[in-house]
Amino acid sequence: MAQRLDSRVAVITGASQGIGRAVAKRFAEEGAKLILVARSTEGLEGTDNLVRAAGGEATLVPLDLIDGAGIDRLGAAIAERWGRLDILVGNAAMLGTLSPVGHIDPTEWTQVMRVNVTANWWLLRSLDPLLRASNSGRAIFVTSGVTQGAFAYYGPYAASKAALESLVRTYAAEIKKTNVRANLIDPGVVRTAMRARAYPGENPETLRGPEAVTDDFVALAEEACQHNGERIEA
């Protein structure tokens, strides 16, 4: 059976656990060459074991995405080795403390914005030329249902995801006449560590696993995908 992402070079952030790990495994099964980014070296090595078991290969990049210079070095290394980037999955995110808006710690507000918004802008800033160098660059960013209503105590997270959606739609408008496509994906309710922190009393076994949403990531990463500037609910 043909692999849908055969030999496509893909960056996945937040690849040490949860949705990022599940997408990495699925992309490996579909033949992609992976560049896995996360802060945790141990977590990346766990993902790499799954990738290898699936017959794939990965380059592991332990990196805190608030390090913009580190993102630039990543872009330079990809340019030197592959000369292009076919797929970017901006998955890494920070929930922050659930708190009334007036009680939010300024340092934490800044941290959530840096991880959820600024880091993704910096990835686009550094990797856009490499996506354009591909015959079909695909950028996929993970958003959340909190942008679709008013959810008390989710201030920094909700604001950051709304900003991310606006950023990605703006980028998508700018690349309409190129071979690059950029979209958002809302995975919905999935069994992840972030979900457990937000809903500590919830039974995780009642939730679908992150592997359940990987079909939509593959579809948005394929050369044939023509969605652009859209918000896809998995």
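What is the volume of the largest pocket? The answer is about 1000 Å³, where a pocket is an open set of points on a 1 Å grid over the protein atoms alone, at which a 1.4 Å probe fits, with protein on both sides within 12 Å along at least five of seven lines, and the volume is the space filled by probe spheres set on those points. The model is predicted, so local features need pLDDT of at least 70 and side-chain atom pairs count only at pLDDT 80 or more, while totals for chains, interfaces and linings use all residues. Residues are numbered from 1 along each chain as its sequence is written, and side-chain values use heavy atoms, without hydrogens and water.

Helix α6 gives the most to the lining, with five residues; helices here are DSSP runs of H or I with at least four residues, and strands are runs of E with at least two.

Turning to the sheet, seven strands form an open arrangement in the order β3-β2-β1-β4-β5-β6-β7, with parallel pairing, where two strands pair if DSSP finds at least two bridges between them. Because β3 (57–62) and β7 (231–233) stand at the edges with a single partner strand each, one side of each is left without a neighbour in the sheet. Strand β6 (residues 181–186) pairs with β7 in the parallel sense over three bridges, and Asp-186 has Glu-233 in β7 as its bridge partner.

Technical notes:
On a 1 Å grid over the protein atoms alone, a cavity is a set of points where a 1.4 Å probe fits but cannot get out, and a pocket is an open set with protein on both sides within 12 Å along at least five of seven lines; lining residues have an atom within 4 Å of a point.
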